[in-house]
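Subject: Structure for your review

Dear colleague,

Please find below the structure I wished to pass on to you.

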Amino acid sequence: MTKNVMLRAVNLCKTYMTGKEQYHAIRNIDLSIYQQDFTVIMGDSGSGKSTLLYLLSGLDSVTAGEIYVGDKRLDELKGNALAAYRASQIGFVYQSSNLIPDLSLLENIALPGYINGRSKAEARKHALKLMEELKLSKQASRLPSEVSGGQQQRAAIARALINEPKLLFADEPTGSLNYEQGVAVLDILTAMHERGQCILMVTHDIKAACRGSRLIYIRDGKIGGTLDMGPYTPEQTSAREEMIFAYVTGRG
Ligand SMILES: Nc1ncnc2c1ncn2[C@@H]1O[C@H](COP(=O)(O)OP(=O)(O)OP(=O)(O)O)[C@@H](O)[C@H]1O
């Protein structure tokens with residue numbers, strides 16, 4: 001099967017300045033992200049995984065290099081054009097849900113929908129549909145402080161999906177959850193991928209990495225290797241975990 005390129009980075013670099021010190025967090029990375037993939041980014045702490053995710057999503061600016069989305073240059077977008085791109089084309093899920101504390105879950109999920117130009121009624125209708133799929137209907141009118149961490153994170157996923165983004169980014173989405181809540185979130189991401197959602201996720205967790213179809217290993221701001229794993233099936237969980245462990249430790 002030929003894969004469609006969703007996003008392409010060419011000679012991507014990110015240098016942070018702390019005082020007079022330069023730190024080259026991303027060093028001349030070339031990579032393609034394919035529409036059909038649930039791509040997982042792994043690597044040691046400090047290797048540059050989150051920085052890469054922020055650059056590829058347009059949440060941070062590149063120091064050098066190019067990022068193509070179709071024939072558009074993401075790295076050249078600024079101001080309103082960049083804000084419009086981020087609002088309409090990408091969804092982002094963080095380690096903590098970052099919901100607005102004094103809005104209900106329904107309002108939190110619908111809000112980016114109104115901001116992106118849907119009517120209030122339409123955004124709420126779509127939010128309710130997502131809440132049903134993510135088993136949050138009963139919590140629609142509750143505040144974030146009135147639901148569990150797993151429910152908050154599922155609401156954050158629904159919020160990221162409200163504008164039907166082409167690309168869903170997730171930075172350690174299960175990092176603050178207990179085992180069962182984490183599995184529920186991974187099941188949702190797996191189901192989204194099966195329905196055709198392109199996902200790019202940073203994780204330290206082999207159980208989470210198992211859900212991906214492709215793994216990119218980052219070492220010292222560079223690509224240390226990529227592994228095509230094929231689509232996840234639950235029966236292969238232990239074999240995939242062993243394969244990922246062997247791959248990552250072989251490159252660490
Ligand atoms: N704003 C910043 N200013 C200076 N250095 C930074 C900044 N953000 C990140 N760094 C440095 O860049 C490197 C890569 O950071 P990044 O957060 O991308 O790593 P990571 O692989 O996601 O790490 P972790 O797994 O611990 O979250 C680290 O050495 C970090 O200290």
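The notes below cover the ligand surroundings, the sheets and the nonpolar core. Please bear in mind that this is a predicted model.

Ligand surroundings

The shell around the ligand consists of Y16, T18, Y23, A25, G43, S45, G46, S47, G48, K49, S50 and T51. At least two shell residues come from each of β1 (5-18), β2 (21-34) and α1 (49-56). The largest contribution is that of α1, which gives 3 residues.

The antiparallel sheet

Strands β1 and β2 also belong to an open sheet of 4 strands, ordered β2-β1-β4-β5 and paired antiparallel. Because β2 and β5 (72-73) are the edge strands and have a single partner strand each, one side of each has no neighbour in the sheet. Between β1 and β4 (residues 64-69), which run antiparallel, there are 4 bridges. Within this pairing, C13 lies opposite A64 in β4.

Strand β8 (residues 198-202) is mostly covered, with 5 of its 5 residues buried. In a regular strand, side chains alternate between the two faces of the sheet. In β8, C198, L200 and V202 point one way while I199 and M201 point the other way, and all are buried.

Two strands are joined to β8 in parallel. Strand β3 (residues 38-43) is linked to β8 by 4 bridges and runs parallel to it; here V40 has M201 of β8 as its bridge partner. Strand β7 (residues 167-171) is likewise parallel to β8, through 5 bridges, and D171 is partnered with V202 in β8. From β7 the chain passes through helix α6 (residues 179-194) to reach β8, and this β-α-β crossover is right-handed.

In soluble globular proteins, nonpolar side chains tend to be buried together. In this model, the largest nonpolar core has 64 residues, of which I67, I109, A127 and A158 touch the most other members. Helix α5 (residues 149-161) gives the most to this core, with 6 residues. Leaving aside residues up to four places away in sequence, A127 touches L106, I109, A110, G113, A158 and I162.

With kind regards

Conventions
Residues numbered from 1 in each chain as written. Predicted model: local features only at pLDDT ≥ 70, side-chain atom pairs only at ≥ 80, totals over all residues. Near = placed C-beta within 6 Å. Buried ≥ 20, exposed ≤ 12 C-beta atoms within 10 Å, placed from the backbone. Pairing = 2+ DSSP bridges. Right-handed = clockwise from strand over helix to strand, strands pointing away. Core = buried A, V, L, I, M, F, W, Y, C linked by C-beta atoms within 7 Å. Contact = placed C-beta atoms within 7 Å.
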